Amino acid sequence: MISFCEMFGYDIHLSVIDFLCKHDDCDWTISQMATLLSVSRTGVRDSIVGLIMQNQIFLSRDDGKSKYYRINKKGSAYV
């Protein structure tokens with residue numbers, strides 16, 4: 001399966017969306033995504049803010065130490 005980034009070019013927002021779509025079976029922290037995508041936590045954090053505002057992803061839980069995010073299957077064009 002071709003990724004968003006292979007199709008549309010590299011962009012950190014697309015990388016985060018692509019990652020969350022491919023791994024939609026669980027939720028992820030900013031640090032986990034940054035490590036697995038080989039990008040900075042700051043870049044992922046900035047993308048997360050924009051993607052939440054666009055209703056593409058959501059905060060799925062907050063354990064007090066870390067915040068976990070998932071792709072929004074209900075309120076976006078993901079489905």
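This is a dialogue about reading features of a predicted model.

Trainee: What should I know before I start on this model?

Mentor: It is a predicted model, where local features need pLDDT of at least 70, side-chain atom pairs count only at pLDDT 80 or more, and totals for chains, interfaces and linings use all residues. Residues are numbered from 1 along each chain as its sequence is written, and side-chain values use heavy atoms, with hydrogens and water left out.

Trainee: How many helices and strands does the protein have, and in what order do the elements run?

Mentor: Helices (H or I, at least four residues) and strands (E, at least two) are DSSP runs, numbered from the N terminus. Here there are 4 helices and 2 strands, and from the N terminus the order reads α-α-α-α-β-β.

Trainee: What share of the residues is buried?

Mentor: Buried means under 20% relative accessible area, exposed over 50%, and partly exposed in between (1.4 Å probe, protein chains only). Of the 79 residues in the protein, 35% are buried.

Trainee: How do I read helix H4, and what span should its 13 residues have?

Mentor: The expected span of a helix is 1.5 Å times one less than its number of residues. For H4 (residues 41–53) that gives 18 Å, and the end C-alpha atoms are 18 Å apart, which agrees.

Trainee: Which residues of H4 are buried?

Mentor: An α-helix has 3.6 residues a turn, so residues three or four places apart point the same way. In H4 the buried ones are Gly43, Val44, Ser47, Ile48 and Leu51. They cover an arc of only 135° around the axis (taken from the directions from the helix axis to the C-beta atoms), so they lie on the same side of H4.

Trainee: What covers the buried residues of H4?

Mentor: The cover includes H2, H3, strand S1 (57–62) and strand S2 (67–71). Take Ser47 in helix H4, which is buried at 1% relative accessibility. Contact means heavy atoms within 4.5 Å. Not counting residues up to four places away in sequence, Ser47 touches Ile12, His13 and Val16.

Trainee: Where does Thr29 lie, and is it buried or exposed?

Mentor: Thr29 lies in the loop between helix H2 (12–22) and helix H3 (30–37), and Thr29 is buried, with a relative accessible area of 8%. Leaving aside neighbours within four places in sequence, Thr29 is in contact with Ser66, Lys67 and Tyr68.

Trainee: How do I describe a pair of aromatic rings?

Mentor: Use the distance of the centres and the angle of the planes. Rings of Phe, Tyr and Trp (its six-membered ring) pair if their centres lie within 6.5 Å; planes under 30 degrees apart count as stacked, over 60 as edge-to-face and the rest as tilted. A search of the whole structure finds 1 aromatic pair. That pair is Phe19 and Trp28, edge-to-face at 4.9 Å centre to centre with 70° between the planes. Phe19 is buried at 6% relative accessibility, and Trp28 is buried too, at 14%.

Trainee: Which charged end sits over the ring of Tyr68?

Mentor: A charge sits over a ring if NZ of Lys or CZ of Arg is within 6 Å of the ring centre and within 35 degrees of the ring normal. Here the charged end of Arg61 sits over Tyr68, 3.8 Å from the ring centre.

Trainee: Where do Ser38 and Asn55 lie, and what is phi in each?

Mentor: Ser38 is in the loop between H3 and H4, with a positive phi near 60°. Asn55 lies in the loop between H4 and S1, with a positive phi near 65°. Ser38 is exposed, with a relative accessible area of 65%, whereas Asn55 is partly exposed at 35%.
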